[in-house]
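Dear colleague,

Please find the structure below, handed over for your study. My notes on what was found in it follow directly after.

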Amino acid sequence: MSNTPPTSDDLSREDDAGIADLLREVGTREEPSQQLTDEVRLAVHAEWQASVRQERRRRQTWMMGMAAGIASIGLATVVMVKFNQSNVAPLVAAATIERIDGSLSIVDGSGRARVASVGEVIAKNDVVQTDASTRVAFKFNGGVSVRLDSNSSLRLRSAENVELVAGGLYVDAPLKPAIASELIVDTHAGAVRHLGTQYQVRTNTNGIDVGVREGRVEVSNVRGVNTAAVGERLRVSLAGDVSHEPLRADDASWRWAVRVAPAFEIENHTLKEFLEWAARESGRRVQFANDAARTAAESVVLKGSIAGLDLDTALTAVLSTTQLRRSPSGDEFIVIEMATSR
Amino acid sequence: MTADQLLIRQMLQGDERAFRTFFDSYFPRLYRFALPRVGGEHDLAKDVVQAALTKAVRNLKDFRGDAALFSWLSQICRNQIVDALRERKRRSDNVVLIEDMPELRAVFDSIAAPTDQEPHHRYTEAETKRLVQTVLDRLPARYGDILEWKYIEGWSVEEIGSKLGVGHTAAQSLLARARTAFRESLEVVFGQTAKDVLASLNTGGRHE
């Protein structure tokens, strides 16, 4: 009969079994309902965002107060002060960080790196770098939304010009901007200029891919200027060869940009405005089953927040508070009907 | 810097993913902390937990990191519960939870850092089960969830990794750490192994 002592593997298996048996005997812990969880998440998220913004404003006010104090004693030297990893707002704000998923680092023109936060401005010569688990959304002049995918790098040349060094970039420019909103994206295979549009550009070793979801873009390269229209993907090689292929507005290649979309503030917006935002973000169009549904959507004014919810969950959550619902439809439309129909 | 302090710092920087990690990790546990203390009223538990988390995110800079984040949150929640019950003019002293007994409270509050205290109590079967679930809630990060997913729900390591957004190796490592933390916490609370705690449940519950 063997008296061999148990090995560490034996003890580990025994320990594993003991834990498993105990947990099964005790049973699972009670989980709060999904509805309750969502309600609390919305409220706490709104409070957290307000707190982050308030702290940002407090630091900027403190910095301006410091600058005024220094100027008042007649110092001739400009002093740059780092405070809690925030930078002094540059004299010309090129873009503002609207949303960060993950951890974002920025290297300025002098080669100094900093960890960036929501609400910060980025300045000329800043290089924005995202890692495998980070995406970021910016707001440029004129309301142009620019989103940078994970594993990507962007250099800011001015408020109207960026260089996509590597990775993927999504641009959403308003169709009717309040002020001029041109943004040119330089890449290693050409420069992309939007003409009131939603598009994305992605670099690869052979060149770039430019997909257009709305409007048109122009791509300038060594061979000249090429245009891509809505529903097209343009492939541009380093040598300047160009090919076109179809690209649906709801293609999977757009999904990353939806995930880092800045939250739509539903408070005091109509349901119709929210639906149009949701449709725009997901490459679909809103269709109302009848005039009654359209009128209802125009008259409902929303309260609360959808921050923290993905787009489809937000749609479901918001519609559930109204007398309207989504009707089953294809991928191209979000069809809205009265909940009492059928 | 501890994992809790890093998470708080990321939240102070406005990191959405950090907020999701914070909420998903702590809301269910705080809810389970509050529910029995408000007589099982779900709406009241929701209100006090929401008030506690709201207060916490407004005062994130006050978290020093000398205690576990859950201990800090549960203290805020405890204060909200007292205020809520006082407002309702309820007498709460007829709700005494086993884990609120002073000597056990200190043990649970220090579960992240081992203590020398050894409670000596005889627990019923129901109390033992409650204590085991409280141990799970007091473990760091989402260790309690990971152990339930693995041993009760029967999830694979890949499924656990997918849920947490990490790869296979990272998920295996988390599972191993969760097991170790759970085993050590059972030793602290019960002075026994999982097998022995189970044996006490199966022999009619009295445990010392």
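B:Arg32 is part of helix H2 of chain B, which covers residues 16-34. The model is a predicted one, and every value in this message was computed from it. With a relative accessible area of 11%, B:Arg32 is buried; the cut-off for that word is under 20%. Leaving aside residues up to four places away in sequence, B:Arg32 touches A:Arg29, A:Glu30, A:Glu31 and B:Asp137.

Within chain B, the side chain of B:Arg32 makes a polar contact of 2.8 Å with the side chain of B:Asp137.

The setting of the first pair is the interface between the two chains. There, 44 residues of chain A are in contact with 48 residues of chain B. About 4500 Å² of area is buried between chain A and chain B, and carbon and sulfur atoms give 60% of it. Ten salt bridges are found across this interface, and 21 residue pairs are in polar contact between chain A and chain B.

Which elements of chain A supply at least two residues each to the side that touches chain B? They are helix H1 (8-26), helix H2 (34-72) and strand E1 (95-101). Helix H2 of chain A gives the most, with 16 residues. By type, the residues on this side of chain A divide into 15 nonpolar, twelve polar and 17 charged.

Over all chains, the count of salt bridges comes to 38. One of them joins the side chains of A:Arg41 and B:Asp24, at 3.2 Å from N to O. This pair crosses between chains, from helix H2 of chain A to helix H2 of chain B. Are its two members buried or partly exposed? A:Arg41 counts as buried, at 12% relative accessibility, whereas B:Asp24 is partly exposed, with a relative accessible area of 27%.

A salt bridge inside chain A is formed by the side chains of A:Lys139 and A:Glu98, at 3.7 Å from N to O. Because A:Lys139 lies in strand E6 (residues 135-140) and A:Glu98 in strand E1, the pair ties together parts of chain A that are 41 residues apart in sequence. Both residues are partly exposed: A:Lys139 has a relative accessible area of 32% and A:Glu98 one of 31%.

A:Glu163 and A:Arg155 also form a salt bridge, their closest N and O atoms being 2.8 Å apart. Here A:Glu163 counts as buried, at 17% relative accessibility, while A:Arg155 is partly exposed at 31%. Elsewhere, salt bridges that share partners join A:Arg29, A:Glu31, B:Arg32, B:Asp137, B:Arg142, B:Asp145 and B:Glu148 into one network.

Finally, strand E15 (residues 232-237) and strand E16 (residues 242-246) of chain A pair in the antiparallel sense over five bridges. A:Arg235 stands opposite A:Ser243 in strand E16. The hairpin of these strands has four residues between them, and A:Gly240 takes a positive phi near 100 degrees there.

With kind regards

Notes: Residues numbered from 1 in each chain as written. Chains lettered and ligands numbered in written order. Predicted model: local features only at pLDDT ≥ 70, side-chain atom pairs only at ≥ 80, totals over all residues. Heavy atoms only, no water. Contact = heavy atoms within 4.5 Å. Buried area = accessible area lost by both parts, 1.4 Å probe. Salt bridge = Lys/Arg side-chain N within 4 Å of Asp/Glu carboxyl O. Polar contact = N/O pair within 3.5 Å; in protein donor to acceptor, adjacent residues only side chain to side chain. Nonpolar A, V, L, I, M, F, W, Y, C, P; charged D, E, K, R; others polar. Buried < 20%, exposed > 50% of the residue type's maximum accessible area, 1.4 Å probe, protein only. Pairing = 2+ DSSP bridges.
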